Amino acid sequence: MALKTRPAEFMPSRYSHQSSLALQPRALAMAAACLMCAGAAWAQEGSAQAGGAGPTSTGRPSVLVEPRFGIMQTWTDNNRLTRTGKDAALLTTLTPGVSISTTRGAVRGSLDYALNGIVYTKSDEKARIQHSLSAKGVAELIDRVFFVDASASISQQAASAFGVQSVDPSLANANRRETATVSVAPRLQGHIGSLANFELRANTSATNVSDAVIGDSHANGASLRVSRAGRAALTWSVDASTQKSSFKTGAQNRVSSLTGSLSYKPDIDWQMGILAGRERSDLKDFVLRNSSTYGANLSWTPSLRTKVSADFQTHEYGDSFSYNLEHRWSRSALRFSDSQSVNAANFQNAGAPRSNYDLYYFQFASLIPDPAQRDVYVRNFLQAKGLSADALAGSAVVDTGPTVLRTQLLSYTLQGVRTTVTTTASRSNNRRLASASSSSGDFAANGRVLQRSLSLNVAHNLTPTSSAVLSVLQQDSEGDSAAQSTTLRSISASWNCRLGARVNFTLGARAAHSGGLISYRENAMFANLVQQF
């Protein structure tokens, strides 16, 4: 049966969630970023020697580098986020950064790095440095045969869902941890005659949490896939994989599997499949057991703007599933997802995007098909609107052991002529797999951690060069008992103005209130100036 084809959309994930290697992941993350920069420059130089340097056919350079420097002043009446003995302070944050993207050559991907130097005035708090990194790329070492996928990230996360929560990572919050992750996955692909294709992949990854042992982990593994060659309505594949994850606090887990699957695609719009196999794992109670696994999947894609998919698979340690609905209009996008999977070092939940960056990356998919160019466009769009690219991502907490994580997300974005609206509602239920004695962090005393989040961002263009932004956020966390709960509510308003072709200025104020085990109120005013070069 002849099949129609449709151009595929590529949706890179902004965040990675694992890592490994004997060296410090923070240093490895920085090294990966430097290697990506060097590789991009090398790829551009090689292209120049071959006569293909300079702009692409669309007129854009193959490697785009955008340095920047920002200075931010924040006055807060409660720097240490306490109920009594508030510490009013003036915070000065100096932020040099760079954004790099490459679309051609041996190295392709994007990188965004910023170093935040924070100085506290009229406070006893010591100055500190925070890193922020988001990098993802692929190196094609042998044309169409040998690739290396790599990703790295450094971000601020909450150590505990029941500790002090805040919307500003520069405040003196003892519950904040700088978390670095890095992963490297070489893969070899090719053909077995004209009968089948194969892909052999190895992976190693690591996570390091600053000033703590809880959350540090590493993982490694390998996988082999053999699938039918060529295009056909009915295809088959065989997958074999083995993975080992280990947390520094003691939890170690193994999962090995062998599965076979059949996939049927009667038309470009429809695809369905079934799979069955055997697994050997110790995720549930650290005792290796053999078990059967089976599942099914279905997807319907009537257009590039609409997709509905469902995927279900049984496991001895807990079923996994993913149900997704997405639709884009010319100026708006709707997305719903409900997913569940094991979360243990490199076994992670494949949930829907949770940040402003991810939502608008999805929104502009049809407008800018090229992923690297879309990355730059989305970052500039959010900066012009005065929206934080990482909004919503801060509700994540440090992983401390194997859990079954169910995540539900409903998001809607609207880009009007002068007004942009982003609203999201999310719910995550993280259930402990191991016993309390072998768990750490929140799961040493809780069998589950439930988190809910609701946010609204409205940006309105006042003039062609200025806009007003209103942001509202509510986060709730619950443990096994009602006493273990926290609530964070915040509202902020800001004025964003473009002072020149590459200069942005933001002036704003916020109010935050936290209730539960630890309560506080905080009010702040802030001003931020960013110069791009």
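Buried residues make up 48% of the 533 residues in the protein. The model discussed here is predicted.

Colleague: How many helices and how many strands does the protein have?

Modeller: The model is a predicted one, and its secondary structure is counted from that prediction. The count for the protein comes to 3 helices and 22 strands.

Colleague: What share of the accessible surface belongs to carbon and sulfur atoms?

Modeller: The accessible surface of the protein is about 24,500 Å². Of this area, the part that belongs to carbon and sulfur atoms is 60%.

Colleague: Among contacts between residues at least 6 apart in sequence, what percentage join residues at least 24 apart?

Modeller: Start with the contacts in the protein between residues at least 6 apart in sequence. Among these, the share that join residues at least 24 apart is 58%.

Colleague: Is Gly190 buried or exposed?

Modeller: Gly190 is found in strand β6. Leaving aside neighbours within four places in sequence, Gly190 is in contact with Ala196, Asn197 and Phe198. The relative accessible area of Gly190 is 19%, and the limit for the buried class is under 20%. Gly190 is therefore buried.

Colleague: How far apart in space are Gly190 and Leu200, C-alpha to C-alpha?

Modeller: In sequence, Gly190 and Leu200 are 10 residues apart. In space, their C-alpha to C-alpha distance is 9.1 Å.

Colleague: Which residue forms a salt bridge with Arg187?

Modeller: Side chains of opposite charge can pair when their charged atoms come close. For Arg187 and its partner, the closest N and O atoms are 2.6 Å apart. The pair links strand β6 with strand β5, 38 residues apart, and both residues are buried. The partner of Arg187 is Asp149.

Colleague: Arg201 also meets Asp149 in a salt bridge; what is the N to O distance?

Modeller: Arg201 lies in strand β7 (residues 196–209) and Asp149 in strand β5, 52 residues apart. At 24% relative accessibility, Arg201 counts as partly exposed. The N to O distance of this salt bridge is 3.3 Å.

Colleague: How many residues apart in sequence are the parts that Arg510 and Asp168 tie together?

Modeller: Arg510 forms a salt bridge with Asp168, and their closest N and O atoms are 3.0 Å apart. Arg510 is buried at 10% relative accessibility, and Asp168 is buried with a relative accessible area of 10%. Arg510 lies in strand β21 (residues 503–516) and Asp168 in the loop between β5 and β6, so the separation in sequence is 342 residues.

Colleague: How many salt bridges does the structure hold?

Modeller: Some residues are linked in a network of salt bridges: Arg80, Asp87, Glu125 and Arg128. The number of salt bridges in the structure is 16.

Colleague: Which side chain does a polar contact join to that of Thr293?

Modeller: Thr293 is found in strand β12 (residues 289–303) and is buried, with a relative accessible area of 2%. Leaving aside neighbours within four places in sequence, the residues in contact with Thr293 include Thr259, Leu275, Gln313 and His315. A polar contact of 3.1 Å joins the side chain of Thr293 to that of Gln313.

Colleague: The side chain of Asp480 has a polar atom 2.6 Å from a backbone nitrogen; of which residue?

Modeller: Asp480 is found in the loop between β19 (466–478) and β20 (485–500), and counts as partly exposed at 46% relative accessibility. Beyond neighbours within four places in sequence, Asp480 is in contact with Ala445, Asn446, Gly447 and Arg448. Asp480 and Arg448 are 32 residues apart in sequence and 6.5 Å apart in space, C-alpha to C-alpha. The backbone nitrogen 2.6 Å from the side-chain polar atom of Asp480 belongs to Gly447.

Notes
Residues numbered from 1 in each chain as written. Predicted model: local features only at pLDDT ≥ 70, side-chain atom pairs only at ≥ 80, totals over all residues. Heavy atoms only, no water. Helix = DSSP H or I, 4+ residues; strand = E, 2+ residues; numbered from the N terminus. Buried < 20%, exposed > 50% of the residue type's maximum accessible area, 1.4 Å probe, protein only. Contact = heavy atoms within 4.5 Å. Areas by Shrake-Rupley, 256 points an atom, 1.4 Å probe, with all protein chains shown as cover. Salt bridge = Lys/Arg side-chain N within 4 Å of Asp/Glu carboxyl O. Polar contact = N/O pair within 3.5 Å; in protein donor to acceptor, adjacent residues only side chain to side chain.
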